[in-house]
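Subject: Structure handover

Hello,

Here is the structure I promised. Please open it alongside this note, and my findings follow below.

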Amino acid sequence: KRDALLPLVFVAISLALNWRLLTSFSTTIPGDAGDPVLNTWILWWNAQHFPWEAGYFHAPAFAPAPNALALSETLLGLAWLTTPLQWLGASPLEAYNTFFLLTPVFNGMSSYALCFALSGRRDAALVGSLYFTLSPLRAGQTSHLQTQTAFFMPLGLLALHRFWDTRDRRWLALLAATTFLNGSVSGYHL
């Protein structure tokens with residue numbers, strides 16, 4: 001029950017860090033206009049095409065070169081949220097901004113779960129999750145949603161620790177899934 005309010009802590013942190021984004025959510029790009037615009041376009045492309053079908057990598061960029069999307073991150077690990085949002089009427093930028101706002105929440109909750117599993121202490125887990133969510137390394141990556149999105153890593157490490165403790169192969173399945181999703185968000189994280 002004590003942990004039930006924890007997501008609200010990370011929501012409050014995200015809103016405090018990104019309050020300017022909230023004032024013009026549908027028109028503002030967080031960070032610079034480089035990678036966020038490219039990533040917004042990739043999220044739009046993902047909502048229009050089934051991943052890995054024949055024409056998926058033939059995105060309309062760098063014409064006439066084939067397989068242009070293979071030169072970039074596919075961000076497919078974000079599509080589980082951004083694609084349904086767009087199908088429900090959100091613009092690609094609103095889908096991007098929604099995920100941008102939720103990333104500190106997901107990062108905080110997943111790192112809290114890992115830290116709590118390793119330490120058994122809520123205070124240590126909170127400190128660890130706050131550091132993971134707010135670390136200076138992440139501050140320099142504001143314009144790179146794919147590197148900001150790191151919540152699959154703590155979940156994968158948690159699964160690995162649980163497997164070592166229990167030898168239950170379901171934890172290996174979670175490790176495999178989080179590794180795949182992590183790589184499908186960012187090749188750097190793979």
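A salt bridge here is a side-chain nitrogen of Lys or Arg within 4 Å of a carboxyl oxygen of Asp or Glu. Note that the model is predicted. By that rule there are three salt bridges.

Start with Arg170 and Asp168. Their side chains form a salt bridge, N to O at 2.6 Å. Arg170 has 65% relative accessibility, so Arg170 counts as exposed. Asp168 is at 22% and therefore counts as partly exposed.

Next come Arg121 and Asp123. This salt bridge has an N to O distance of 2.5 Å. Arg121 is partly exposed, at 47% relative accessibility. Asp123 is partly exposed too, at 43%.

The remaining pair is Asp3 with Arg122, at 3.2 Å from N to O. Asp3 is partly exposed at 26% relative accessibility, and Arg122 is partly exposed at 34%.

Now the helices. Helix α5 covers residues 92–119 and helix α6 covers residues 122–134. Their axes come within 7 Å and cross at roughly 140 degrees. That angle makes α5 oblique to α6. The crossing is right-handed.

Which residues in α5 meet α6? Among them are Pro104, Tyr112 and Phe116. On the α6 side, the contact includes Arg122, Leu126 and Phe132. The contact residues divide into eight nonpolar, seven polar and one charged.

Best wishes

Methods: Residues numbered from 1 in each chain as written. Predicted model: local features only at pLDDT ≥ 70, side-chain atom pairs only at ≥ 80, totals over all residues. Heavy atoms only, no water. Axes fitted to C-alpha atoms, helices over the stretch in contact; angles between N-to-C directions. Helix = DSSP H or I, 4+ residues; strand = E, 2+ residues; numbered from the N terminus. Parallel < 35°, antiparallel > 145°, perpendicular 65-115°, else oblique. Left-handed = near helix turned anticlockwise from the far one by under 90°. Contact = heavy atoms within 4.5 Å. Nonpolar A, V, L, I, M, F, W, Y, C, P; charged D, E, K, R; others polar. Buried < 20%, exposed > 50% of the residue type's maximum accessible area, 1.4 Å probe, protein only.
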